[in-house]
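Please read the sequence and the structure side by side. The paragraphs below go from the fold to single residues.

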Amino acid sequence: MGITERSKKRVHLWKKAVVHFALCFVMGFFTGFAPTGKASIFARPAVISTNISDHLSPRPVESPQQVAADVNRSLMAETPIVAMAAAPARPKEHTENSRFISEKEEQQEEEKEPKLTPRRFLIIVTPTSTKNKFKSVLLRRLANTIRLVPQPLLWIVVEAKTESNRVSEALRKTGIMYRHLVFKENFTDTEAEMDHQRNIALKHIEQHKLSGIVHFAGLSNVYDLGFFDQLREIEVFGTWPMALLAANREKVIIEGPVCDSSQVIGWHLKKMNNQTDPRPPIHISSFAFNSSILWDPERWGRTSSLQSSSQNSIKFVKEVVLEDETKLKGIPPEDCSKIMLWSLRFHAAGGATTTKHQINQ
């Protein structure tokens, strides 16, 4: 009896130990899943009731401005402030030497950079005659030449008012900045009609105060492209010799100035006799001038009353150009006798086929 009772007591003790161990294991297992930082279930009832009331009580809604302000304050609080260390003072001689070196380097850089000078504005005036059978062809040929000239440039074309719009259509297709002027008057004299058209162009330039170098380009003119670069070098007045070539003739006539370098010392004469005017009429295409002479003549030493009293602007310009030869600049300045402009004279019976000749004085 004693042995059996002892064995029963031992088995009972082992059961108690196993049950106690199982309960502790289950409690520890579920306690590991519980969230941290919250009140324990074994906390006091008073503390639990206060926490629950705090969570259940309504809270005020914060505005976006308050949230942004709080974020800014938090960023400012978290941003470390780095103290700037004061730079050590440099000697005075060292600062002066550094300034001198920097100024010298800037001067060298300025010298290396190319200086761009703006091109002078060119105003090319072209009159047209209704009696010219080759007007459309010559206009296209001259347009092809002017198209190769660098900008800025303005081409003023004048013609009599007609029902045909060939000239307008041809000008639109050129890609050149142009102005097309028309007039209603009728003329029987071709030279009078040409002068009238030039006066219309000059009045247009004066009215709109177009500032540039004016050149009268006839439809029959043939140019060396370097001629237009020389035009842009003119300050007030400029002149040059030109060659006149006639169709089916080998004869070449030179008109214009005789120069020593860029200084005008004489003129080519048409007739070698004593009756010839020592200052012959200058060809309309052998000179150019600054357009400001039309609306600001006092700038060039002319009174405005002389211009206003004359309705013939082209005559006024010729008088001003020939008034003082010292004001004229021969182009090209290195060799004023070089021919850079040719004028072809057409006849009704045939056309003109010419080649460019280098004619020197």
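A residue is called buried when its relative accessible area is under 20%, exposed when that area is over 50%, and partly exposed in between, with a 1.4 Å probe and protein chains only. Helices (H or I, at least four residues) and strands (E, at least two) are DSSP runs, numbered from the N terminus. The model is predicted; local features need pLDDT of at least 70 and side-chain atom pairs pLDDT 80 or more, while totals for chains, interfaces and linings use all residues. Residues are numbered from 1 along each chain as its sequence is written, and side-chain values use heavy atoms, with hydrogens and water left out.

The protein has 11 helices and 13 strands. Of its 361 residues, 33% count as buried. A contact means heavy atoms within 4.5 Å. Among contacts between residues at least 6 apart in sequence, 69% join residues at least 24 apart. Accessible areas come from the Shrake-Rupley method with a 1.4 Å probe, and for residues only the protein chains shown count as cover. The accessible surface of the protein is about 25300 Å², and carbon and sulfur atoms account for 55% of that.

Strand S1 (residues 122–127) is mostly covered, with 6 of its 6 residues buried. Leu122, Ile124 and Thr126 lie on one side, Ile123, Val125 and Pro127 on the other, and both faces are covered. Which strand pairs with S1, and in what sense? Strands count as paired if DSSP finds at least two bridges between them; S1 and strand S2 (residues 153–160) pair in the parallel sense over 6 bridges. In this pairing, Thr126 stands opposite Val157 in S2. The loop between helix H5 (135–146) and S2 holds Pro152, and the peptide bond joining Gln151 and Pro152 is cis, with omega about 5°.

Pro332 lies in the loop between strand S12 (328–330) and strand S13 (341–345). Another backbone feature is found at Lys209, a residue other than glycine with a positive phi, near 50°. Lys209 belongs to the loop between helix H7 (190–208) and strand S4 (213–216), and counts as exposed because its relative accessibility is 54%.

Side chains of opposite charge can pair when their charged atoms come close. Here a salt bridge is a side-chain nitrogen of Lys or Arg within 4 Å of a carboxyl oxygen of Asp or Glu, and the count by this rule is 3. One of them joins Arg120 and Glu235 at 3.1 Å, N to O. This pair links distant parts of the chain, 115 residues apart: Arg120 is in the loop between helix H4 (92–112) and S1, and Glu235 is in the loop between helix H8 (226–231) and strand S6 (237–239). Arg120 is partly exposed at 27%, and Glu235 is partly exposed at 49%.

Lys135 and Glu159 meet in another salt bridge, at 3.7 Å, N to O. Lys135 is in helix H5 and Glu159 in strand S2, so 24 residues separate these distant parts of the chain. Lys135 counts as buried at 15% relative accessibility, as does Glu159 at 5%. In the salt bridge between Arg198 and Asp195, the N to O distance is 2.9 Å. Arg198 and Asp195 both lie in helix H7, 3 residues apart, about one turn of the helix. Arg198 is buried at 10%, whereas Asp195 is partly exposed at 26%.

A pair of aromatic rings is described by the distance of the centres and the angle of the planes. Rings of Phe, Tyr and Trp (its six-membered ring) pair if their centres lie within 6.5 Å; planes under 30 degrees apart count as stacked, over 60 as edge-to-face and the rest as tilted. The structure holds 8 aromatic pairs. The rings of Phe183 and Phe187 have centres 6.3 Å apart and planes at 65°, so they form an edge-to-face pair. Phe183 is buried at 4%, and Phe187 is partly exposed at 28%. Elsewhere, ring pairs link Tyr223, Phe227, Phe228 and Trp240 into a cluster.

Finally, Ser168 is found in helix H6 (residues 166–172) and is buried, with a relative accessible area of 17%. Leaving aside its neighbours within four places in sequence, Ser168 contacts Tyr178 and His180.
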